[in-house]
Amino acid sequence: GGGAEGPAKIESSDSNEEKMVCTPGEKQAEVILVGCGCPLRGMGWYHAVQMLGNECPSAKLCYIVEPWFMGGGAEGPGGKEFAEFQKQTEAEHDVVFCKSLADVPKVADGVKRMALISGRTADNPRLMGEAIAAGCSTIYLEKPGAPTVGELEAMKAQGVEAGVDVLMGYNKNVCKYVTNVRNFAATVDDGHVTFVSNNTYENNAESLGECFERNCEGMLKNMAIHELALLVSFYDVSVDNIDSVEADKEFSSCQTLAGPSGKEWTDFDKIKFTIKTKTGKAVSVQADRCGGDTSYATVTDTDGKELFRHSMPDEEDKANVDVLAAKYPGAMPYFFSQDPDYITVKERVAGKCANGTEPTGIATIEIACETLRVAEYLTPLLQKQLE
């Protein structure tokens with residue numbers, strides 16, 4: 001229970017009536033951030049920081065819904081930091097904090113309301129229903145959207161029925177290195193594109209076991225899901241249109257390791273594969289949990305010679321990373337390298353909500369459904385090839 005705490009809070013701060021209540025401008029969406037998380041750690045927190053800093057001109061953050069730190073997690077790790085962030089944000093930006101979506105006031109006439117759902121993936125199906133009930137006309141869902149294809153399909157149907165746009169936080173879809181590589185590949189005959197995703201886990205059983213357990217949906221549904229979304233968005237990849245899948249056995253590795261709980265998990269610590277489609281396209285993906293902190297894409301010719309490469313972060317990104325790292329010491333490093341892309345995705349989704357502008361390159365929930373379907377299809381197939 002405890003639902004009653006929310007509205008009372010809003011009404012009890014009657015001073016809100018005299019001072020500015022946070023309201024969107026005429027070309028802005030009124031944003032409810034659902035799931036803030038701990039400052040410096042949570043992706044939701046970074047979304048909030050970007051909107052409060054006016055990085056997304058079409059988005060006005062008015063409400064933050066945080067069930068955990070305003071409920072059971074208030075006294076635990078991160079609770080104190082969250083309370084400080086709440087106090088400061090209420091004072092400086094008039095943002096209203098609520099424990100649940102049910103506590104958010106009804107949407108005002110003429111206001112276009114958008115929910116940015118950035119909680120745990122397993123909570124998304126419920127939160128999306130609550131966001132629709134709260135009067136949201138647009139929903140931004142963090143990847144992968146839901147734990148399974150079935151749940152995401154049901155959410156897609158729910159969105160259609162409510163007449164709500166559901167768009168996805170697949171930020172690599174709008175990323176500079178992806179765009180540059182796609183553009184270069186279009187200028188050469190027979191150019192083959194490979195998308196490479198790296199992470200910075202230590203290459204030992206303890207580190208990878210912890211990683212496998214925490215991301216137990218598996219590598220293709222987690223770390224490499226962005227790359228699969230690129231394949232679905234731009235290379236006609238779907239389960240029905242896949243002609244062949246070939247793992248690079250020399251590069252790839254699948255392990256069974258114990259997590260901190262003692263339970264064993266089987267997952268890829270690194271994988272490389274090439275997909276050929278029935279419509280004649282070919283594209284490769286490489287992902288390595290211990291590959292370092294640079295992700296990139298390449299174009300190679302028919303002999304495998306590299307013609308073009310663009311990395312993230314590049315020099316421009318690195319300069320921005322340094323600025324942000326000084327501004328937010330101790331925050332997750334990946335926030336900084338992907339900072340411009342997070343801004344672009346939010347701005348395009350908010351622009352669609354507020355002004356009906358076309359959200360170029362942004363993945364829809366349809367694309368997200370097919371991406372999850374591809375991930376579920378590939379995982380056992382690739383594991384079998386590596387046996």
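1. Contact between H5 and H6. In helix H5, Asn-124, Pro-125, Met-128, Gly-129 and Ile-132 meet Glu-151, Met-155, Gln-158, Gly-159 and Ala-162 of helix H6, where contact means heavy atoms within 4.5 Å. By class, this contact of H5 with H6 has 5 nonpolar, 4 polar and 1 charged residues. Ala, Val, Leu, Ile, Met, Phe, Trp, Tyr, Cys and Pro count as nonpolar, Asp, Glu, Lys and Arg as charged, and the others, Gly among them, as polar.

2. Basis of the values. The model is predicted: local features need pLDDT of at least 70 and side-chain atom pairs count only at pLDDT 80 or more, while totals for chains, interfaces and linings use all residues. Residues are numbered from 1 along each chain as its sequence is written, and side-chain values use heavy atoms, with hydrogens and water left out. Helices (H or I, at least four residues) and strands (E, at least two) are DSSP runs, numbered from the N terminus.

3. Geometry of H5 and H6. Two packed helices are described by the angle between their axes and the distance between the axes. The axes of H5 and H6 cross at roughly 5° and come within 10 Å. Axes are lines fitted to C-alpha atoms, for helices over the stretch in contact, and angles run from 0 to 180 degrees between N-to-C directions. H5 and H6 are therefore roughly parallel to each other; angles under 35 degrees count as roughly parallel, over 145 as roughly antiparallel, 65 to 115 as roughly perpendicular and the rest as oblique.

4. H6 against H13. Helix H6 (residues 149–162) also packs with helix H13 (residues 365–385), at an angle of about 170° and with the axes 9 Å apart. The two helices, H6 and H13, are therefore roughly antiparallel to each other. On the H6 side the contact residues are Val-149, Leu-152, Glu-153, Met-155 and Lys-156, and on the H13 side Ile-365, Glu-366, Ala-368, Cys-369, Leu-372, Arg-373 and Glu-376. The contact of H6 with H13 divides into 7 nonpolar, no polar and 5 charged residues.

5. Salt bridges in total. A salt bridge is a side-chain nitrogen of Lys or Arg within 4 Å of a carboxyl oxygen of Asp or Glu. The count by this rule is 18 salt bridges. Glu-153, Lys-156, Glu-370 and Arg-373 are linked in a network of them.

6. Which residue forms a salt bridge with Lys-172? The partner is Glu-227, with the closest N and O atoms 2.7 Å apart. Distant parts of the chain are linked by this pair: Glu-227 lies in helix H9 (residues 225–234) and Lys-172 in the loop between strand E6 (165–168) and helix H7 (176–185), 55 residues apart. Glu-227 is buried, at a relative accessible area of 0%, and Lys-172 counts as buried at 5% relative accessibility. Buried means under 20% relative accessible area, exposed over 50%, and partly exposed in between (1.4 Å probe, protein chains only).

7. Arg-126 and Glu-130 meet through their side chains in a salt bridge (3.1 Å, N to O). They are 4 residues apart in helix H5 (residues 124–133), and are thus separated by about one helical turn. Arg-126 is partly exposed, with a relative accessible area of 47%, and Glu-130 is partly exposed at 28%. Another salt bridge joins Asp-123 to Arg-120, the closest N and O atoms being 3.5 Å apart; Arg-120 is exposed, with a relative accessible area of 61%.

8. Helix H12. Helix H12 (residues 339–355) has 17 residues and spans 24 Å from its first C-alpha to its last, close to the 24 Å expected at 1.5 Å a residue. The expected span is 1.5 Å times one less than the number of residues. Among the buried residues of H12 are Asp-339, Asp-341, Tyr-342, Ile-343 and Lys-346. Gly-356 follows H12 and has a positive phi, near 70°.

9. Backbone points to check by eye. The peptide bond from Lys-143 to Pro-144 is cis, with omega near -5°, and Pro-144 is in the loop between strand E5 (138–141) and H6. Met-312 and Pro-313 are also joined by a cis peptide bond, with omega about 0°. Pro-313 is in the loop between strand E13 (306–312) and helix H10 (315–327). Leu-40, a residue other than glycine, has a positive phi near 75°; Leu-40 is in the loop between strand E1 (29–34) and helix H3 (43–52).
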